2 protein chains.
Amino acid sequence: MITISLEEIHSWERFYRANFINCLSGFKSVSLIGTKSKEGVPNLAVFSNIVHLGADPALVGFINRPKAAAPDTIRNIEDTAVYTINHIHSEMIQQAHQTSARYDSSVNEFDAVGLTMLWRNDCNAPFVTESRIQYSVKLANIIPIPANETWLVIGYIESVYLAKDLREKDGILPLEKYGTVTSLGLSSYYETKHIINLPYAKP
Amino acid sequence: MITISLEEIHSWERFYRANFINCLSGFKSVSLIGTKSKEGVPNLAVFSNIVHLGADPALVGFINRPKAAAPDTIRNIEDTAVYTINHIHSEMIQQAHQTSARYDSSVNEFDAVGLTMLWRNDCNAPFVTESRIQYSVKLANIIPIPANETWLVIGYIESVYLAKDLREKDGILPLEKYGTVTSLGLSSYYETKHIINLPYAKP
């Protein structure tokens, strides 16, 4: 096998290292997070470090980069305690990726990238009309990660919206049938193909 | 669209809800984590909630379920401060999934499921010989998640081992060429197909 030491990794150019380390942790859940500032400005941003935390209560987490680098989403969530998470399918990858540009806080990324806001009566954050799987989230906790000044933002899943009802009989949501993509590293997007579904394992 | 309220989700049978909520957060990074207890018993367990935290320093996180439900991996990491993360390709899915069975702490899952330990001189935890991408990790922090008694285990990436050197010129590691799979929910595994690689976005 090829061995790559930590010393070698440290010697690499910054973007080369970022790509490599970001890929190493595997394929990622990627979605668009919608928020609204307390001044009323909608915000939309792509996040690829989303993590399932538990089903009872239904919790989802995501990693927010240091506040100096990515201030808008986390500030809006601190201020309003509500956000939406919206899946990305292959026909909306370009617009979704474009939300990662450093727009000024006064810019509405929906307008800037060409996606459509969807407001629902019971939610103070915008959904993405084009998204086929959308859900609203209520803030639970924001936990600091001292090792690199990032943040784990934890929320309670509230309402879920599906473009079509493709649930299987055991509750599985076959994301490939909705076209939901997965991402790798900083810039790559993938479709998926089902291999196998395995039963609950017993010794 | 179909609307599913939190009240409806609460009314579901436990496994139906677990499947649905676990799928909702998207495709997941799935890998095998190798550890050794302070008594010297090797342990191997599949984890699907692995999250990239940052490249400088190179950090990776994973969610460990409550200690009562999944005690071995987190206890071994607390005791030894070292672990390995090993990618899963399509030919080893069955064995990888089988490590999720509740084996007694005295059982070596490598033997129980039919995978092969690989010991390297500078690491006190076992790698998985069959895995094509392997890396060693040194514990940084274990952060409690009070909302559901899970744990975010954070570690520093140390040495990386690749079966073949398929790195691209910008440091991207094309995991699909290694056959690395992604998982969905509690039980589904997927291969991936590259769609697009997008440049760094600017306003």
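**Interface and local contacts of chains A and B**

Q: How many residues of chain A are in contact with chain B?
A: This is a predicted model, in which local features need pLDDT of at least 70, side-chain atom pairs count only at pLDDT 80 or more, and totals for chains, interfaces and linings use all residues; side-chain values use heavy atoms, without hydrogens and water. Residues are numbered from 1 along each chain as its sequence is written, while chains are lettered from A and ligands numbered from 1 in the order in which they are written. Contact means heavy atoms within 4.5 Å. On that basis, 104 residues of chain B touch chain A, and the number of chain A residues in contact with them is 104.

Q: What percentage of the area buried between chain B and chain A do carbon and sulfur atoms give?
A: Buried area is the accessible area (1.4 Å probe) that two parts lose on being put together, summed over both. Between chain B and chain A it is about 8,700 Å², and the part given by carbon and sulfur atoms is 64%.

Q: Which residue of chain A forms a salt bridge with R17(B)?
A: A salt bridge places a side-chain nitrogen of Lys or Arg within 4 Å of a carboxyl oxygen of Asp or Glu. The count between chain B and chain A is 2 salt bridges. In one of them the closest N and O atoms are 3.2 Å apart, and the partner of R17(B) is D56(A).

Q: Which residue of chain B stands opposite I2(A)?
A: Helices (H or I, at least four residues) and strands (E, at least two) are DSSP runs numbered from the N terminus, and two strands pair if DSSP finds at least two bridges between them. Strand 1 (residues 2-4) of chain A and strand 11 (residues 150-162) of chain B run antiparallel and are joined by 3 bridges. In strand 11 of chain B, the residue opposite I2(A) is L162(B).

Q: How many residues of helix 2 of chain A are buried?
A: Buried means under 20% relative accessible area, exposed over 50%, and partly exposed in between (1.4 Å probe, protein chains only). Among the buried residues of this helix are Y16(A), R17(A), F20(A) and L24(A). Helix 2 (residues 14-24) has 11 residues, and the number buried is 9.

Q: Which residue has its backbone oxygen reached by the side chain of H89(A)?
A: H89(A) lies in the loop between strand 7 (82-87) and helix 4 (93-98) of chain A, and its relative accessible area of 8% means that H89(A) is buried. Its side chain makes a polar contact (a pair of N or O atoms within 3.5 Å; within protein, one must be able to donate a hydrogen and the other to accept it, and residues adjacent in sequence count only if both atoms are side-chain atoms) with the side chain of E91(A) at 2.9 Å. At 3.0 Å, the side chain also reaches the backbone oxygen of E130(A).

Q: How far apart in sequence are the parts that E91(A) and R132(A) tie together?
A: The side chains of E91(A) and R132(A) meet in a salt bridge (3.5 Å, N to O). E91(A) lies in the loop between strand 7 and helix 4 of chain A, and R132(A) in the loop between strand 9 (127-128) and strand 10 (133-145), so the pair ties together parts whose separation in sequence is 41 residues.

Q: Is K177(B) buried or exposed?
A: K177(B) forms a salt bridge with E168(B), with the closest N and O atoms 3.8 Å apart. E168(B) is partly exposed, with a relative accessible area of 28%. At 53% relative accessibility, K177(B) counts as exposed.
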